[in-house]
Number of protein chains: 2
Amino acid sequence: MEMNERKTKILEAIIKNYLETGEPVGSRTISKLEGLKVSPATIRNEMSDLEEMGYILQPHTSSGRIPSDKGYRFYVDRMMSEKEKEVSDMKDMVVQKADQLSELLQQVSKLLAESTNYAAMVSSPQIHHNKLKFIQLSKVDANSVLAVIVVEGNIIKNKMIPVEEEIDQDTILKLNLLLNTHLNGLSLEEINLGLITLIKERAGIHSEMIGSVIDAVAEAIRADEDLEIYTSGANNIFRYPELSDNQKASEIISTLEEKNQFEELMSRSLSEIDDKLDSEQHGIQVYIGNESPIKSMKDCSVVTATYELEDGMKGMMSIIGPKRMDYEKVAKTLKKLQEELDTLYKKKK
Amino acid sequence: MEMNERKTKILEAIIKNYLETGEPVGSRTISKLEGLKVSPATIRNEMSDLEEMGYILQPHTSSGRIPSDKGYRFYVDRMMSEKEKEVSDMKDMVVQKADQLSELLQQVSKLLAESTNYAAMVSSPQIHHNKLKFIQLSKVDANSVLAVIVVEGNIIKNKMIPVEEEIDQDTILKLNLLLNTHLNGLSLEEINLGLITLIKERAGIHSEMIGSVIDAVAEAIRADEDLEIYTSGANNIFRYPELSDNQKASEIISTLEEKNQFEELMSRSLSEIDDKLDSEQHGIQVYIGNESPIKSMKDCSVVTATYELEDGMKGMMSIIGPKRMDYEKVAKTLKKLQEELDTLYKKKK
DNA sequence: GTTAGCACTCATTTTTATTGAGTGCTAATT
DNA sequence: AATTAGCACTCAATAAAAATGAGTGCTAAC
């Protein structure tokens with residue numbers, strides 16, 4: 001069967017109506033809509049076709065229709081490819097400067113949740129080509145030395161290292177020099193066992209301590225170790241009856257809490273967005289129901305967008321809501337926030 | 001009216017039964033309990049008295065009774081003052097060493113939630129007498145300087161400071177010396193405007209940068225700025241029907257998310273525990289329903305305990321659950337974890 | 001190809017009955 | 001004087017029955 005313009009219009013009307021009300025949509029409701037001057041009976045025939053084609057479903061005989069995942073997908077694809085309307089009267093979002101990245105991201109997730117009324121999730125940026133930029137050991141007190149490690153993208157990692165015997169300033173200086181000359185500018189792959197042994201040798205009696213430092217360096221560079229997830233607006237799911245029975249709500253909320261579930265989503269979404277970057281969709285991905293890599297989100301839709309800070313630090317933000325979420329608004333909001341982060345970063349620079 | 005032994009027994013029986021079932025308890029149920037050899041009618045009379053005294057409530061005429069907040073309070077007070085039974089077959093909890101405090105606390109909250117099946121919340125420690133221990137500026141690249149600030153208790157704070165013109169190593173060394181000689185060992189109150197002006201003067205053309213550094217120091221020392229809250233097990237509330245209607249669940253979950261709500265709870269609980277430290281209750285506080293400083297917790301009970309790391313760093317952990325929570329188990333679990341943290345810290349030292 | 005008409009379906013709502021746990025009170029018993 | 005048996009009564013919860021109404025599919029007329 002072929003999709004024609006009237007079918008498209010009817011499908012769109014069904015979906016739009018369902019997005020608003022969350023209730024199955026009947027033929028009469030649609031016939032009353034202006035623009036489409038046909039009787040309910042005709043609509044019924046078309047609906048019957050649409051159902052056969054898999055775009056809509058009947059929860060039970062003699063109820064109205066609701067969109068299937070395929071129906072949503074059709075709608076979302078059409079919407080996304082449309083020329084973007086000017087960013088309408090969207091709530092102004094102001095990301096305040098925060099000097100800690102974590103604060104900033106927490107703020108972003110809150111902002112997303114508040115302006116969409118869905119749940120939001122923001123990941124810390126994953127650094128791709130991260131090289132060591134700077135190491136510094138400092139003597140903090142008689143039996144502890146602090147190692148500060150800065151990697152590209154100005155990610156900072158601290159590690160307090162206990163020492164048996166007090167170390168004098170001179171030695172610290174020497175060790176600093178040793179570490180910096182050998183390690184600066186290197187990536188994880190370049191720091192191999194040979195190099196480590198060499199450095200340890202040169203460190204003499206302090207080789208053990210240097211071992212700890214190098215471990216910390218490795219940890220700092222390895223990106224996924226530091227992947228943090230910020231969530232907000234979990235309680236928003238209670239706004240949508242179809243998600244708020246105990247079973248589902250509990251599942252969604254624990255997923256939001258079990259932040260590690262998002263790693264998969266993140267890596268998949270990052271790569272998929274890379275793939276179709278040419279299609280110029282502002283790097284926004286929509287997962288409807290079972291399309292989502294997170295199985296417990298089968299009753300939700302997940303919309304993800306990437307953001308990019310300096311030096312290729314890419315992170316992800318997503319909105320989690322019912323399948324009948326306002327995709328248009330969500331996409332706009334994400335786009336807005338992408339830009340916001342962009343300009344914020346530029347200002348900072 | 002007076003409380004006698006039989007009334008106490010009956011009250012206790014009502015509460016225990018209600019804790020298990022969550023259903024109102026009737027006179028026949030209690031009469032069938034061994035140990036109390038009286039007829040349901042007698043129980044009814046006693047129950048009538050207990051109700052008059054405010055220990056129990058009838059949800060509606062001709063239903064069984066449920067404990068009132070006052071009833072729970074009676075029960076909890078009795079339980080807490082009993083000689084503590086040996087820590088029975090409690091699930092072994094192992095706090096793995098984590099080198100980041102935040103990881104550790106997140107882990108603790110998860111552990112609490114998992115072993116009690118309630119929601120858990122852990123605060124980062126609040127430092128009381130925090131003095132500056134160590135400052136270090138380092139040149140990271142041509143236009144940024146990294147300030148590392150260590151306060152007592154080995155809390156580390158990093159701040160990246162952009163600079164207009166490149167600074168040479170010598171100047172950095174001088175500034176480091178300047179800062180350390182003037183600021184080390186001082187607490188927030190001791191760093192006054194006069195001192196700041198003095199330092200800025202000495203810093204000459206770098207006074208502006210030094211200003212940023214001192215701001216960061218102030219921020220690092222001010223404890224409440226850094227108060228972080230870790231939560232876990234929010235979804236556990238769905239285990240308890242009396243909390244899982246949408247209204248209540250949503251309220252509780254957003255409270256868990258709005259972490260700032262806990263500040264009040266924390267400060268109050270810390271001081272109250274200080275007050276009655278002599279009464280030897282292991283610093284465990286129970287807030288039943290409206291007793292809680294957090295208004296949205298009126299349908300829950302909140303049990304809090306403090307923990308203490310080195311140098312008087314005190315933090316709080318709490319369990320949030322239904323009023324009919326297993327207070328005994330919760331108290332034991334908290335106690336266990338207090339000890340665990342204690343030994344962990346000692347090992348570390 | 002479109003529409004009016006109609007019988008039919010079925011979730012939802014409303015109504016009515018039924019059940020049963022639990023009470024309070026009174027009068028008998030210990 | 002305290003305890004208990006007995007009984008009428010209350011009321012949430014469950015079940016069963018009836019009414020409602022939105023919506024469908026199909027057929028026949030336009």
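## Contact between the chains

Two residues are in contact when heavy atoms of theirs lie within 4.5 Å. In this predicted model, that rule places 32 residues of chain B in contact with 32 residues of chain A.

Together, chain B and chain A bury about 2700 Å² between them. Carbon and sulfur atoms account for 53% of this area. On the chain B side, 18% of the area buried against chain A comes from Asn158(B), Phe238(B) and Glu257(B), more than from any other three residues.

## Polar contacts and salt bridges

Between chain B and chain A the count is two salt bridges. Asp141(B) forms a salt bridge with Lys133(A), and the closest N and O atoms of this pair are 2.9 Å apart.

## The side of chain B that touches chain A

Which elements of chain B each supply at least two residues of the side that touches chain A? They are strand E4 (132-141), strand E5 (144-151), strand E6 (155-162) and helix H9 (246-257). E4(B) gives the most, with seven residues.

By residue type, this side of chain B divides into 11 nonpolar, 12 polar and nine charged residues.

## Domains of chain A

Chain A is divided into domain 1 (5-67), domain 2 (98-124 + 227-344) and domain 3 (132-222). Taken over C-alpha atoms, the centres of domain 1 and domain 3 of chain A are separated by 66 Å.

Conventions
Residues numbered from 1 in each chain as written. Chains lettered and ligands numbered in written order. Predicted model: local features only at pLDDT ≥ 70, side-chain atom pairs only at ≥ 80, totals over all residues. Heavy atoms only, no water. Buried area = accessible area lost by both parts, 1.4 Å probe. Salt bridge = Lys/Arg side-chain N within 4 Å of Asp/Glu carboxyl O. Helix = DSSP H or I, 4+ residues; strand = E, 2+ residues; numbered from the N terminus. Nonpolar A, V, L, I, M, F, W, Y, C, P; charged D, E, K, R; others polar. Domains from an automatic or database assignment.
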